[in-house]
Amino acid sequence: MSEPLLSLRDVTAEVDGVNESPSLIHRVSFDVTALKIVALVGGSGSGKTTTGLSILRLLPVALRITSGKILFHGEDLFALPGHRMRQIRGKDISMIFQEPLNALNPLLTIGQQINEVLICHMPLTAKQRRERVLELLNIVGMAEPQRVAQNYPHQLSGGMRQRAMIAQAIAANPQLMIADEPTSSLDVTLQAKIMDLFRELRRSLNLSILLITHDLGMVRHLADEVVVLQAGKIVEQGPVARVLESPRHQYTQQLISSVF
Amino acid sequence: MTKQTKSLSELDIAFQGFKKNRLAVGCAVLLGLLYLTAIFADFVSPYSYANEDRRYSYSPPTAIHVWREGRFTRPFVYGINSAFNDYHQRIYQEDQSQMFPISPFVKGDAYKFFGLIPCRIHLFGVAPEGRIYLWGADSRGRDLFSRIFYGGRVSLSIGIIGIFISFTIGLIVGGIAGYYGGRIDDILMRVCEMFMMVPGFYLLLALRAAVPDEFNSVQVYFAIVVILSFIGWAGLARIIRGMCLSLRERDYVLAAKSLGLSDGQIIARHILPHTLSYSIFAIMLSIPGYILGESALSLIGLGIQDPLASWGNLLADAMSIVHIKFYPWILLPALFIFLTVICFNVIGDALRDCLDPMLKSGKGA
């Protein structure tokens with residue numbers, strides 16, 4: 001197998017300035033190989049989101065990575081200067097969030113917000129960008145791209161907002177998308193549709209996905225590999241079928257038994 | 001699903017609410033008229049601001065007649081004779097032997113329309129041998145009616161330009177301080193506090209004293225604008241900074257960062273626009289401060305210099321109680337200042353009512 005797209009090596013994050021504080025994530029190591037969907041599961045407060053944000057170096061001011069490396073194509077993201085990191089965000093690695101209504105700016109239309117990403121990362125003319133916005137909305141399965149592009153987030157339904165956010169995240173053709181609990185604010189039928197969309201995107205855009213979730217049902221249907229986090233430490237990782245069928249760690253067993 | 005094709009933004013909705021407030025709409029119309037008369041001051045006023053005739057010092061408002069020899073005629077004024085009374089005061093009397101009809105679009109003092117097209121036409125006036133003082137004359141026999149409109153140019157524009165400058169500085173400083181926080185925030189806010197610490201009017205006087213004497217009137221005008229903005233931006237920057245501190249924690253700011261937008265783009269597109277509803281009514285409520293600031297400076301002779309007019313230096317004459325007693329019309333510029341300030345405040349309050357979501361939900365109960 002070739003070199004992994006993204007690999008975390010012994011990443012530890014702590015609360016800044018507090019001595020002897022328990023680390024939020026402790027020596028977390030895993031790989032995301034190209035075209036794979038890797039699920040990061042765990043209960044609330046297990047450090048899933050912290051891990052996701054630390055990949056993009058977007059941890060809140062109070063938190064700090066104290067040791068470890070995050071390699072993207074073999075390049076250490078922590079060693080990059082700020083402007084290089086900004087080029088990677090959105091262009092190579094993008095992220096979608098749990099609550100799309102909060103993650104979209106209420107004062108800008110969907111079209112404007114997707115356009116912004118294109119301005120940042122793609123050398124396109126204004127006309128090409130307009131076409132690309134419609135194309136993207138089409139890719140994520142919007143029925144009326146023209147109208148949606150002119151809508152403000154509050155005018156869309158929950159599922160459409162989630163799709164709009166995904167359109168924003170894939171606008172610059174990233175290789176990896178971090179999806180932080182993408183379906184927990186949606187109902188079950190919509191969850192299934194978003195999962196279909198993820199599969200479709202992986203196939204058509206060669207997208208790898210790091211899926212952060214507590215929903216084991218989603219993991220079973222979507223992911224190839226799973227990493228189980230408990231209190232900031234990895235307790236188990238491996239192919240989905242193996243981990244879910246014959247969990248070795250007690251915490252994984254508890255997680256599974258509480259769902260199925 | 002609504003039928004409209006174009007989506008309503010929050011501002012459109014707020015504007016619809018504003019239109020329901022009759023008082024505020026009335027004030028907006030009045031303010032619009034004041035600005036129009038200021039822009040077209042050359043045309044609206046019968047004389048230029050410097051046109052003086054000392055024979056008519058403190059001439060009272062001229063009476064307009066429409067009745068002559070038992071018949072209606074077109075409006076006209078009589079000539080004015082003056083004599084001195086026992087106290088060496090001038091007494092003006094109408095000279096009924098002379099009659100000057102008021103005609104529309106007469107030729108008068110030359111001016112440049114919009115500063116470009118040379119022009120002599122005025123909205124109304126009388127033949128050059130007569131004088132028309134609708135709102136009386138000042139000590140040098142200049143027409144107060146004309147001078148008020150010319151003065152409006154200075155007084156009304158100073159508010160707009162001043163707020164534009166101080167708002168630009170306030171938004172940038174507040175946005176940067178609030179977004180980055182930490183040490184940058186500390187430094188910028190301490191600078192703001194230094195400006196806020198000094199009592200405004202004394203700072204104004206001190207800064208005015210630093211302006212060279214040889215400045216011409218245009219330079220003085222801009223010096224005053226800059227001085228007023230220099231004092232005004234700090235309070236605003238503090239409030240914007242406070243709003244930005246909470247706005248930067250919003251999810252869409254994190255989302256924008258995760259998409260690779262630069263700090264400048266995030267501040268300009270995702271943070272500052274959310275302070276807009278506050279900014280709009282803060283602008284309206286701050287403009288009177290600039291108008292009053294200019295008036296105060298001009299009133300004590302440190303602002304716009306004679307013969308140029310501003311509402312403040314027109315009022316300088318009214319500082320003596322004797323003048324007010326004998327020539328009460330010289331207080332008219334104060335009425336204009338008063339009206340303008342009231343209008344801006346009413347509009348600002350109305351805008352706050354329809355832009356502030358907190359107030360809106362309260363109103364429904």
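Helix 8 of chain B, residues 251-258, is mostly covered, with 7 of its 8 residues buried. Here a residue counts as buried if 20 or more other C-beta atoms, placed from the backbone, lie within 10 Å of its own, and helices (H or I, at least four residues) and strands (E, at least two) are DSSP runs numbered from the N terminus. The model is predicted: local features need pLDDT of at least 70 and side-chain atom pairs count only at pLDDT 80 or more, whereas totals for chains, interfaces and linings use all residues. Residues are numbered from 1 along each chain as its sequence is written, and chains are lettered from A and ligands numbered from 1 in the order in which they are written.

The buried residues of helix 8 of chain B are Tyr252(B), Val253(B), Leu254(B), Ala255(B), Ala256(B), Lys257(B) and Ser258(B). Their cover includes helix 7 (217-247) and helix 9 (263-271) of chain B, together with strand 6 (93-96) and helix 3 (100-103) of chain A. Just after this helix, Gly260(B) adopts a positive phi of about 90°.

Chain B as a whole contains 14 helices and 5 strands. Its C-alpha atoms fill a box of roughly 85 × 55 × 45 Å along the principal axes, and 37% of its 365 residues are buried. Of the contacts in chain B with a separation of 6 or more, 70% are between residues 24 or more positions apart; a contact requires C-beta atoms, placed from the backbone, within 7 Å.

Between the chains, 26 residues of chain A are in contact with 17 residues of chain B. On the chain A side, helix 2 (82-88), strand 6, helix 3 and helix 4 (110-121) each give two or more residues, and helix 4 of chain A supplies the largest share, 4 residues.

Chain A itself is divided into domain 1 (6-92 + 175-259) and domain 2 (103-173), with bounds from an automatic or database domain assignment. The centres of these domains, taken over C-alpha atoms, are separated by 25 Å. In chain A, 13 residues of domain 1 are in contact with 13 residues of domain 2, and helix 8 of chain A (residues 188-205) gives the largest share of the domain 1 side, 6 residues.

Val228(A) has Glu236(A) in strand 10 as its bridge partner. The hairpin has 2 residues between its strands, and Ala231(A) takes a positive phi near 50°.

Notes:
Buried ≥ 20, exposed ≤ 12 C-beta atoms within 10 Å, placed from the backbone. Contact = placed C-beta atoms within 7 Å. Pairing = 2+ DSSP bridges.
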